[in-house]
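This briefing sets out how the secondary-structure elements are arranged in the structure shown below.

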Amino acid sequence: MRIIIIGFGNLGRGICRAFVEKADFLKRAHGLVPRVVAVADEFGAAVDEKGLDLPRLLKIAEGSGTVVGYPGGKRGKLALDLIDEVSADVVFELTPTNIRTGEPGLSHIKRAMQAGKHVITSNKGPLVVAFKELDALAKKQGVEFRYSASVGGAVPVIGLAKKLLSGNEISEIRGVLNGTTNYILTRMSAEGLPQEIIIREAQELGLAEKDPTLDIDGIDTACKVTILANSVLGINAKLSDVKVVGIRRITPEATRLAHEAGQMIKLVGIARRDRLEVGPKLVPQGHPLAVGGTLNAVTFKLDLAGEISITGFGAGPKETSSSLLGDLIDIHRTLGG
Amino acid sequence: MLVKMVMELEDVPGQLLKGLEPIARYGGNIKSIMHQRERKTPLGRLPVMLIFEVRDQATLKRILAALKEAGIRVTQLGEREGEILTTVLLVGHIVHTDIRHTIDQLNAIKGVTVSELNLAVGSMGRESSARMTIAANDRELAQLAISRLQTIAEKKGLLLVTSVEAI
């Protein structure tokens, strides 16, 4: 399969590393030979229709912060033009999330679909801003559209709901969907430290963004609730439909009082047909959502199966490449590969 | 299960201990004790209302037998009273926004009692935190209490954290 990758940060590099390390496995187990024919970042692009030398590309990108230094690299080349010009089967849209405009991801995805290319993305922005439009466009163009990595990182939330549980009616999805806030709450409870100090340390460890507002104020979780509402529950929901409370006001004393009563405070996202909500909740110890550290956890309420819960890592380039690669293999199979 | 009990004790030293010992012996967890001095009986006995939690009916039976053996008179027993216990957290200026009023508003609902309040006062300039246990006679009343508390919290600018299982 010929692949274009737009955005070459942690996730772009992570999926390329997986292509390199798992080349034998992908061929043997799935008959899949991924060939990355173009990679674009904010500075330009590297193109080779015969397939880029990925170890070399990774080395150059890690050294210089861009793929432009790859032999024949094109400085200033726009991703949009690349999508049109380079023939490929699948476009990975892995640029940073903008929850207000969805850009630049939204334009990339639309252009790829219009060009008849399948799309895989981790980018929440376009999904939150224009889920219905993109879903319709994919159908109209007859292309596959996958976004497993946008919710839950490595945890197969969307795939489980849409494939393996498809015989059920899902009445509710709720989960701990943001690893950063879960890490902060876990440490507040264990160490009794104020939030500011833990946030600073999380930033030093690379577990929190320089501006952690989207995580702390529950917006990131609300984006995921919006995506789940649209993709799994089939509700035409917008981000503004989600009632959001973040964890900013949670004190170390509150986590201690919860602990003394056998409870933990978790930032929980809830998607139901009649209610979309994000807020700090008391979760009993031993409950499926009582996961610590940076873990994510999701529970589905189903008419046949009852409750099903899954847990795992919600972030990290290697972990997320599990979802991205899963989407690629799924498209490969859908197309009869 | 939560038990509400009224026992009549002689108004002499050591009686309360005598009444509590059997409860403690069988693992009962006492939530509140209230002397009802104004209701002293003509014989000079003092009613004491207790709310405590026990594992099950069998344990309660053992406690009642032990109380009888100790000569303690139990005049009222309500096993279903406040059966549903709900724990919530509050964060904000809990004391300054009149905690007494908040509790009174909940206690005003028939069949609902605030049975426990743990307050952690924040350091200077910081918000306080509290854990509140609300006892209600049934699920509907518990929900009513939570939604009333939500309204109060919004008015008073407090953050209410409820259980993930409470819908």
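In this predicted model, helix 1 (residues 15-25) of chain B packs against helix 2 (residues 57-69) of chain B at an angle of about 150°, and their axes are 9 Å apart. Because angles over 145 degrees count as roughly antiparallel, helix 1 of chain B and helix 2 of chain B are described as roughly antiparallel to each other.

**Helix 1 and helix 2 of chain B**

- The crossing of helix 1 of chain B and helix 2 of chain B is right-handed.
- Helix 1 of chain B contributes Gly19(B), Pro22(B), Ile23(B) and Arg25(B) to the contact, while helix 2 of chain B contributes Ile63(B), Ala66(B) and Leu67(B).
- Sorted by class, the residues in this contact between helix 1 of chain B and helix 2 of chain B are five nonpolar, one polar and one charged.

**Helix 3 and helix 4 of chain B**

- Helix 3 (residues 99-107) of chain B and helix 4 (residues 139-156) of chain B cross at roughly 155°, and their axes come within 10 Å.
- Helix 3 of chain B and helix 4 of chain B are therefore roughly antiparallel to each other.
- The crossing of helix 3 of chain B and helix 4 of chain B is right-handed.
- On the side of helix 3 of chain B, the contact is formed by His101(B), Thr102(B), Gln105(B) and Leu106(B).
- On the side of helix 4 of chain B, Ala145(B), Arg148(B), Leu149(B), Ile152(B) and Lys156(B) take part.
- The contact of helix 3 of chain B with helix 4 of chain B comprises, by class, four nonpolar, three polar and two charged residues.

**Overall arrangement of chain B**

- Chain B contains four helices and eight strands.
- The order of these elements along the sequence of chain B is β-α-β-β-α-β-β-α-β-β-α-β.
- Chain B is divided into domain 1 (2-78) and domain 2 (84-161), and the C-alpha centres of these two domains of chain B lie 28 Å apart.
- The C-alpha trace of chain B spans about 50 × 30 × 25 Å along its principal axes.

**Domains of chain A**

- Domain 1 of chain A supplies 15 residues to the contact and domain 2 of chain A supplies 16 residues.

**The seven-stranded sheet of chain A**

- Seven strands of chain A form an open sheet in the order 4-3-2-1-5-6-7, with mixed pairing.
- Strand 4 (74-75) and strand 7 (145-146) of chain A each have a single partner strand and stand at the edges, so one side of each is left without a neighbour in the sheet.
- Strand 2 (residues 35-40) and strand 3 (residues 44-47) of chain A pair in the antiparallel sense over three bridges.
- Ala38(A) has Val47(A), in strand 3 of chain A, as its bridge partner.
- Helix 13 (residues 317-334) of chain A lies across strand 1 (2-6), strand 5 (90-93), strand 6 (118-121) and strand 7 of chain A, and runs at about 160° to strand 6 of chain A.

**The hairpin of strands 12 and 13 in chain A**

- Strand 12 (residues 295-302) of chain A pairs with strand 13 (residues 306-313) of chain A in the antiparallel sense over eight bridges.
- A hairpin through three residues joins strand 12 of chain A to strand 13 of chain A.
- The bridge partner of Leu295(A) in strand 13 of chain A is Phe313(A).

Definitions and conventions:
Residues numbered from 1 in each chain as written. Chains lettered and ligands numbered in written order. Predicted model: local features only at pLDDT ≥ 70, side-chain atom pairs only at ≥ 80, totals over all residues. Heavy atoms only, no water. Axes fitted to C-alpha atoms, helices over the stretch in contact; angles between N-to-C directions. Helix = DSSP H or I, 4+ residues; strand = E, 2+ residues; numbered from the N terminus. Parallel < 35°, antiparallel > 145°, perpendicular 65-115°, else oblique. Left-handed = near helix turned anticlockwise from the far one by under 90°. Contact = heavy atoms within 4.5 Å. Nonpolar A, V, L, I, M, F, W, Y, C, P; charged D, E, K, R; others polar. Pairing = 2+ DSSP bridges. Domains from an automatic or database assignment.
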